[in-house]
Amino acid sequence: MSARRVVITGLGVLTPIGKDAGALWDSLAAGRSGVHLIEAFDTSSLPVRIAGEIVGFDAKNYIEKKERKNLRVMARPIQLAVSAAQLALDDAQVDKARLDPARFGVEFGAALIASELPELAAAAQIAVNGTPVKVDMPRWGEQGLPAITPLWMLKYLPNMHACHISVMHNAQGPNNTITESDVAPLLALGEAARILRRDQADFFLVGGADSKINPLSMVRQNIFGHLSQRQDAPEKACRPFEMSRDGIVAGEGCGVLCVEDLEHAQRRGAPIVAEFVGFGSAFDHGRTGKGLARAIRAALGQAGIKPDDIDHVNAHGLGSPSADVWEAQGIAEVFAGCGTPVWAMKSYTGNMGAGGPLAELSASLLALKHGTLPPTLNYDEPDPACPVAVQRIARPVSKPFVLKVSYTDLGQCAAVVCRMWR
C-alpha cells in the first residue's frame with residue numbers, strides 16, 4: 001500500500017498587513033509594512049510603543065451569529081484562532097456535512113496568553129499594601145481569589161484554541177495543542193501530517209495564534225524582550241539579518257491551514273494549494289545553528305530533494321542581533337554555495353509569536369501561486385555575521401519547493417517543505 005499524500009487546501013490568515021489571504025498578498029506585493037504605534041491601549045508610559053497590530057479586528061465578523069456569545073470567554077489569540085479557522089474552511093470550500101466528524105482533527109500551536117488587566121486588577125488591589133508593595137497572602141486567599149470570575153482561567157488556557165474550534169465545527173477526530181511558542185505550529189503541522197499518513201484521520205485544521213499586543217505582555221517585553229528602539233520610523237524597525245538591526249518588534253497574528261489526505265481532497269473537489277512533503281525538528285543546544293541545520297536536512301530528506309531544489313527559505317528572521325546570527329549560520333550550513341534566497345516576512349509584521357509560522361508559510365505558498373517572491377523589507381546593509389542571501393527585491397519564483405523554518409529562544413527548531421501543486 002502506497003503512503004498517503006498530504007495536501008494543503010485552504011489558507012486562513014490574520015496579520016497586521018491583511019485580514020485574509022488576499023489582503024496579505026496585496027500588502028506583500030506593495031511592500032506595505034504593518035508596524036506602527038500601538039492603538040489598542042495607552043502606551044505613553046512604555047519605552048517602546050510600536051508593534052505589528054491587527055487594527056480593526058472583530059471576531060464577530062468571522063463566525064456564525066449563534067457562536068458569538070462564546071467570544072466573551074475567549075482571549076484575543078483564541079478569537080484570532082476561531083476566526084482564521086473559518087477563513088481556512090471557506091478558502092478550502094469545505095462542506096462540513098460531507099466530512100466524517102470522527103476523522104476531522106484539530107492540531108494547534110500556542111504560547112503563553114497574557115491576561116487582560118481588568119480581570120485581575122480588583123483582586124490584586126485587595127491583596128497588596130504598603131510601599132514597597134507587599135502581597136498579603138491571607139487576604140489574597142480570603143478576599144482576592146473570590147474577586148476573580150470563575151471562568152477567568154478558561155479564557156487563557158493555551159489549549160482553548162483547539163477546544164473552541166473543535167466544538168464549533170464538530171471535529172471529533174484527533175485533537176492536540178503543542179505549547180512550544182514560536183515553533184509550535186510547525187510541530188503541529190508535522191504531527192497532523194503523520195496522523196494523516198497513518199490513515200487515522202482525513203482532514204485537519206492546523207494552526208497557531210498569538211497576540212503580544214497587551215499591556216501586561218508589552219511591559220514584560222519592554223523589560224526582557226530586547227525590543228527594537230526605532231520609535232521614529234516604526235515601519236523600518238524590524239530588520240532581519242541586516243547590519244543595523246537592534247531588536248525584535250512585537251506583533252500578533254494567526255495562520256490556519258486546511259490539511260488533508262490527497263484522495264480525500266480530490267473526492268470532494270477541493271482547490272489544492274500545495275503538497276506537504278517534508279518535516280524535521282531538532283534541538284539546537286547552545287544555539288549555534290547546528291541543530292537548525294539538522295532539522296532542515298531532515299525535512300529535505302523526507303521530501304527526497306537536495307538544497308538546490310528549494311526556491312527560497314522562509315526564515316524565522318526575528319531581527320534580533322544575536323538570534324539572527326545563529327539562524328543564518330544554520331541555514332548557511334545547508335545551503336552554502338546554492339545562492340538560495342532567504343526571505344523574512346517579520347520585516348512586514350513584527351514577531352507574531354505562535355501566530356507567525358503558518359501565516360508566514362501561507363505567504364510563501366501565495367508566492368508560489370502568484371509566481372513572485374516579494375522582497376524582505378529594511379535590508380539595506382548585509383551583516384557578514386549572517387552569511388545568507390537575503391531577498392532584497394521581488395523576483396520570479398523559479399523552483400517548486402519552499403522551506404519554512406522556525407525556532408524558539410531556547411533552541412527548539414522545526415523545518416517544513418512544501419511543493420507547488422500542478
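Predicted model: local features only at pLDDT ≥ 70, side-chain atom pairs only at ≥ 80, totals over all residues.
Residues are numbered from 1 along each chain as its sequence is written, and side-chain values use heavy atoms, with hydrogens and water left out.

Helices (H or I, at least four residues) and strands (E, at least two) are DSSP runs, numbered from the N terminus. Eleven of the strands form an open sheet with mixed pairing, in the order 7-4-8-9-1-10-17-16-11-12-14; two strands pair if DSSP finds at least two bridges between them. Strand 7 (175-178) and strand 14 (389-390) each have a single partner strand, so one side of each is left without a neighbour in the sheet. Within the sheet, strand 10 (residues 274-283) and strand 17 (residues 412-420) are antiparallel and share nine bridges. Phe-276 has Cys-418 of strand 17 as its bridge partner. Helix 9 (residues 290-303) packs on the sheet and touches strand 10, strand 11 (310-314), strand 16 (401-407) and strand 17, contact meaning heavy atoms within 4.5 Å. The direction of helix 9 makes about 150° with that of strand 10; axes are lines fitted to C-alpha atoms, for helices over the stretch in contact, and angles run from 0 to 180 degrees between N-to-C directions.

Helix 7 (residues 215-224) has Ser-217, Met-218 and Gln-221 buried. Here buried means under 20% relative accessible area, exposed over 50%, and partly exposed in between (1.4 Å probe, protein chains only). Seen down the helix axis, the buried residues of helix 7 fall within an arc of 95°, so they line one face; the arc is that of the directions from the helix axis to the C-beta atoms. These buried residues pack against strand 3 (50-52). On the other side of helix 7, Ile-223 and Phe-224 are exposed. At the start of helix 7, a side-chain oxygen of Asn-214 comes to within 2.8 Å of the backbone nitrogen of Leu-216. Just after the helix, His-226 takes a positive phi of about 55°.

Two other residues also have a positive phi. Most residues other than glycine have a negative phi. Asp-199, in the loop between helix 6 (184-197) and strand 8, has a phi near 65°. Asp-199 is partly exposed, with a relative accessible area of 35%. Phe-241 likewise has a positive phi, of about 65°, and is found in the loop between helix 7 and strand 9 (252-261). Phe-241 is buried, at a relative accessible area of 1%.

Aromatic rings come next. Rings of Phe, Tyr and Trp (its six-membered ring) pair if their centres lie within 6.5 Å; planes under 30 degrees apart count as stacked, over 60 as edge-to-face and the rest as tilted. By this rule the count is five aromatic pairs. In one of them, the ring centres of Phe-104 and Phe-203 are 5.1 Å apart and the planes stand at 85°, so the pair is edge-to-face. Phe-104 lies in strand 4 (residues 104-109) and Phe-203 in strand 8 (residues 203-211), so the pair ties together parts that are 99 residues apart in sequence. Both Phe-104 and Phe-203 are buried. Trp-343 and Tyr-348 form a tilted pair, 6.4 Å centre to centre with 50° between the planes. Trp-343 and Tyr-348 are both buried.

Strand 8 also holds Ser-211, which is buried with a relative accessible area of 8%. The side chains of Ser-211 and Glu-252 are joined by a polar contact of 2.6 Å. A polar contact is a pair of N or O atoms within 3.5 Å; within protein, one must be able to donate a hydrogen and the other to accept it, and residues adjacent in sequence count only if both atoms are side-chain atoms. A polar atom of the Ser-211 side chain also lies 3.3 Å from the backbone nitrogen of Ile-213. Not counting residues up to four places away in sequence, Ser-211 touches Arg-76, Pro-77, Gly-251 and Glu-252.

Lys-346 belongs to helix 11 (residues 346-349) and counts as buried at 2% relative accessibility. Its side chain reaches the backbone oxygen of His-316 at 2.8 Å. The side chain of Lys-346 also makes a polar contact of 2.9 Å with the side chain of Glu-360. Beyond four places away in sequence, the residues that Lys-346 touches include Cys-238, Gly-317, Leu-318 and Asn-351.
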